[in-house]
Amino acid sequence: MKELYKRINLILANWNPLSVPKNIAEVEYLHYIPIIISLSNSKKKLESYLIKISLETGLPRNKRLLKEISRIVNDIIKESLEQK
């Protein structure tokens with residue numbers, strides 16, 4: 001589980017939707033990881049969650065954001081499956 005936590009954090013830090021500095025991105029998204037892991041067995045639920053938190057942080061809902069979230073969800077699910 002610890003390895004999965006690290007890998008998901010890396011995915012989120014590399015995505016960095018808030019465009020925070022790299023050293024901050026490495027810790028900025030940590031508190032989302034437990035929920036992300038719990039939702040990683042459902043692509044639809046995980047996408048909905050990432051859209052929700054993206055909108056709550058002020059990101060505009062547009063095709064670019066939805067495309068990025070879809071890519072991030074696929075990466076997270078792939079990592080989750082590899083760790084099982």
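In this predicted model, the side chain of S54 reaches the backbone oxygen of L50 at 2.7 Å, a polar contact in the sense of an N or O pair within 3.5 Å, where within protein one atom must be able to donate a hydrogen and the other to accept it, and where residues adjacent in sequence count only if both atoms are side-chain atoms. Local features rest on pLDDT of at least 70 and side-chain atom pairs on pLDDT 80 or more, while totals for chains, interfaces and linings use all residues. Residues are numbered from 1 along each chain as its sequence is written, and side-chain values use heavy atoms, with hydrogens and water left out.

S54 sits in helix 4; helices here are DSSP runs of H or I with at least four residues, numbered from the N terminus. At a relative accessible area of 3%, S54 is buried (buried is under 20%, exposed over 50%, partly exposed in between, with a 1.4 Å probe and protein chains only). Setting aside neighbours within four places in sequence, S54 touches W15, L59, L65 and I69, contact being heavy atoms within 4.5 Å.

The S42 side chain reaches the backbone nitrogen of K45 at 3.2 Å.

Next come the helix pairs. Two packed helices are described by the angle between their axes and the distance between those axes. Here the axes are lines fitted to C-alpha atoms over the stretch in contact, and angles run from 0 to 180 degrees between N-to-C directions. Helix 4 and helix 5 (residues 63–83) pack at about 130 degrees, axes 10 Å apart, and are therefore oblique to each other. As for the classes, under 35 degrees is roughly parallel, over 145 roughly antiparallel, 65 to 115 roughly perpendicular, and the rest oblique. Helix 4 passes helix 5 in a right-handed crossing, that is, with the near helix turned clockwise from the far one by less than a right angle, anticlockwise being left-handed.

Helix 1 brings E3, L4, R7, I8, I11, L12 and W15 to the contact, and helix 5 supplies residues including L65, E68 and I69. The class count for helix 1 with helix 5 is nine nonpolar, two polar and six charged.

Y5 is also part of helix 1 and counts as partly exposed at 31% relative accessibility. Beyond its neighbours within four places in sequence, Y5 is in contact with L30, I33, P34 and I37.

The loop between helix 1 and helix 2 (22–28) holds N16, whose phi is near 45 degrees, positive in a residue other than glycine. N16 is buried at 14% relative accessibility. S19 lies in the loop between helix 1 and helix 2 and, although not a glycine, has a positive phi of about 55 degrees. With a relative accessible area of 62%, S19 is exposed.

Technical notes:
Helix = DSSP H or I, 4+ residues; strand = E, 2+ residues; numbered from the N terminus. Nonpolar A, V, L, I, M, F, W, Y, C, P; charged D, E, K, R; others polar.
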